[in-house]
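Reader: Before we look at any particular site, could you take me through how such features are to be read?

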Amino acid sequence: MSSLTLHDVRFVEPEATRNYITQDYGALSWLFTKDHKRIAILYLISITALFILGGFFAVVMRIELLTPEGDLLTSDTYNKFFTLHGIIMIFFFLIPSIPAVLGNFLLPLMLGAKDLAFPKINLLSWYLYIIAAVMGLYIIITGGVDTGWTFYTPFSTQFSNTHVFGVTFAAFIVGFSSILTGLNFLVTIHRMRAPGLTWFRLPLFVWAMYATSIVQLLATPVLAITLVMLMFERVVHVGIFDPALGGDPLLFQHMFWFYSHPAVYIMILPAMGVASEVVAAFTRKKIFGYQFVAYSSLAIAFLGFLVWAHHMFVAGISVYSAMIFSFLSYFVAVPSAIKVFNWTATLYRASVSLMTPMLYILGFIGLFTIGGVTGLFLAAIGLDVHVTDTYFVVAHFHYVMVGGAVMAYMAGLHYWWPKITGRMYPEWWARLAALLVFAGFNLTFFPQFVLGYLGMPRRYHAYAPEFQVLNVMSTAGASVLAVGYALPLCYLLWSLWYGRPAGPNPWGAVGLEWTTASPPPMENFHETPVVTWDAYDYPAMMKAMGETQNV
Amino acid sequence: MSEVTLGGPPPAPQVEEHHEHHPFLQHHFEDLGQQHEASTLGMWMFLSTEILFFGGVLAAYWIYRVMYPEAWAIGAAQQIWWLGAINTIVLIISSLTMALAVRNAQMGRRMGTVYMLIATLFFGTIFLGVKMYEYTKHWQEGLFPGAAFTFQWPQNPALVPKIELFMTFYWCLTGLHALHMVIGAGLLIWFIWRSWKGHFGPEYYGPVEIMGLYWHFVDIVWIFLFPFLYLIHGAHHG
Ligand code: HEM
Ligand SMILES: [Cu+2]
């Protein structure tokens, strides 16, 4: 330690106000930051902007679907709208959401580290994201793309006259952003844990991020190379996936889903991690079956690689492979179910405090369960033939991705908002928004299960008149949902100036991130923490708190 | 950081461990050992990404090879196998010089490292030169897929689109590999400069080692590409 200086003693602001936000001022100090917390904020701002854009497309589509006639948008424009909605929401919002925002911010804090292992690569991954996003925006302005987010060949390579090349190139780039995030997290978890922080003392959020990162690292390159082949085919006019030239379009689907099925776990595993943290904090209990929950993340990551062809049951794969993939798809539901049961067991006979994050997580558990169970319906070949490419599938994946992943993201954002900003959000408004989101979500998407079962196909701007009532319900729900999402945007911004100061640990939660100031100082901890306790050791914490009060 | 001390004795000279002040120790690592382990693990993970990246296109290659064995054999017969063989040898030698560069860096032999890296760069450039020659030749022979593909196979014209497919994979695979070589060559130039500046030594040679991992990986990819693209011509000798 160096001795005190005049500078230190007299002119420095009190400790608490010098944090990662106030450390430096000016745009450049943000754009060239290597601090994981600041990069998390950069991501937060960017993905929020893209969420709004993706939401805009959704709202216009829902308005179109108010009436059976295709009157608001031409079918071509409608095609572009669902494509852009899907691409933005999946590649530019949901995949980076929890990992790149909450994971970036929290992982080093939860591990007792000063930063991620590779701070420059972390910044690079944000720049890749931004480059891809700017390319995407440019493409939207100059005419868009209409292949669907799945880019199926040979339509995308031989027939579509929209900007397929540009958009796949953007997806390629954003894929590398995702790979680099995963790589960084994996190395950080392996090599940067504080002394005493053994694997089975890690918070379950860290386990979830670990499993997610494995999928990012091993699945995304396959998407990247598939897109390279697609671009090559489109530009050079060869036939890798074109049957007329000796290629096979099914190969494209195999390779695409080899990534994109695991990618759904890139979206849901982090959400499960948030759920574990929030359930523990608001029940003040250890997560029931900690090790099962931890290992089930790895099991999901592994099994997720073995089920991709369940997206291709009607595409012309053989009956035998369909049966095998159907069977394996049932398997992948097991570890997810383990988690749901363990959260439920933790909630059982607990005194649950129903703060906003917990409300979102209760919503998450219910909606994810519905999404997962309908996934099993779809994994049954016979039923899938009936409902594939209908609104049933649309409802299924919105239940998992919006009802599951986005709900958990909102939970996490509220739960750690005080840590990130040092301010509390207004609880009353936040609860109202959570309830609106839950109600709006169900009103939007539940009717779609029925619509799909009745036979309404997805990806059309017009539909048979008998489907109108359910569609009107769905659009009404979407309006409620939109209000539910707009509210947090307003009150969270408001809280930055007017929110009650949070203090280091507003929830009385355990976890290293709560032992440092809010917002945390640049170097996270003034001294590297030494960990001697297990995750979620609420009983011990409460005892310790009792002791300090006695002092 | 301290300029003016506030009374008391002057600050004691800093007697901290030598390695904590190493100029290349990044602030968020505890020590050079941790930094080294993290970077090495990072490179291995990056390589596993690369394996799946190349693996994807190789899988596609393999599926079509099983579907169109004859076209694949004819396509391979269009390659000059001994040029591929020379390039294979050149790359293996470059791997050796790369390994020697790592060794020299570990031993703290500054100029030895520089020379070995230059040698690696030299062999890498030869490889790329030979590859450029092959590419030019293929282009002239109408073996670039798409509109430029004028190659004929009178014995069985129906096979031409499939031979074109083979050549598509040829260009994709070797092109991606060559791109990795170019990136590797760029990195080598930077590393030559750094070693010449004396950045590496017994306690800090990690980056050279990691550069080596990358270089060996790119070589190994070629070891797979060479037989897959040049040597499977069966009865169709070129
Ligand atoms: C319980 C485990 C799950 C099973 C068994 C399952 C099963 C399926 C099946 C069989 C399909 C294909 C339906 C069809 O196209 O006919 C499907 C579609 C889909 N699922 Fe799941 N799923 C599960 C979990 C998830 C999760 C967790 C997510 C996202 C976070 C997700 C996202 C999607 C998406 C995006 C599609 C539609 C893809 C498209 O065609 O655009 N699924 N699911
Ligand atoms: Cu799937």
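Author: Helices (H or I, at least four residues) and strands (E, at least two) are DSSP runs, numbered from the N terminus. By that numbering, His396(A) is placed in helix α14 of chain A. The model is a predicted one, in which local features need pLDDT of at least 70 and side-chain atom pairs count only at pLDDT 80 or more, while totals for chains, interfaces and linings use all residues. Residues are numbered from 1 along each chain as its sequence is written, chains are lettered from A and ligands numbered from 1 in the order in which they are written, and side-chain values use heavy atoms, with hydrogens and water left out.

Reader: Which protein donor does the iron atom of ligand 1 have?

Author: Donors are N, O and S atoms within 2.8 Å of the metal (3.2 Å for Na, K and Ca), and sites may look incomplete because water is not among the atoms. Here the only protein donor of the iron atom is NE2 of His396(A), at 2.2 Å, and the iron atom lies 4.3 Å from the copper ion, ligand 2.

Reader: How far is the side chain of Asp384(A) from an oxygen atom of ligand 1?

Author: An N or O atom in the side chain of Asp384(A) is 2.6 Å from a ligand oxygen, and for Arg458(A) the corresponding distance is 3.0 Å.

Methods
Polar contact = N/O pair within 3.5 Å; in protein donor to acceptor, adjacent residues only side chain to side chain.
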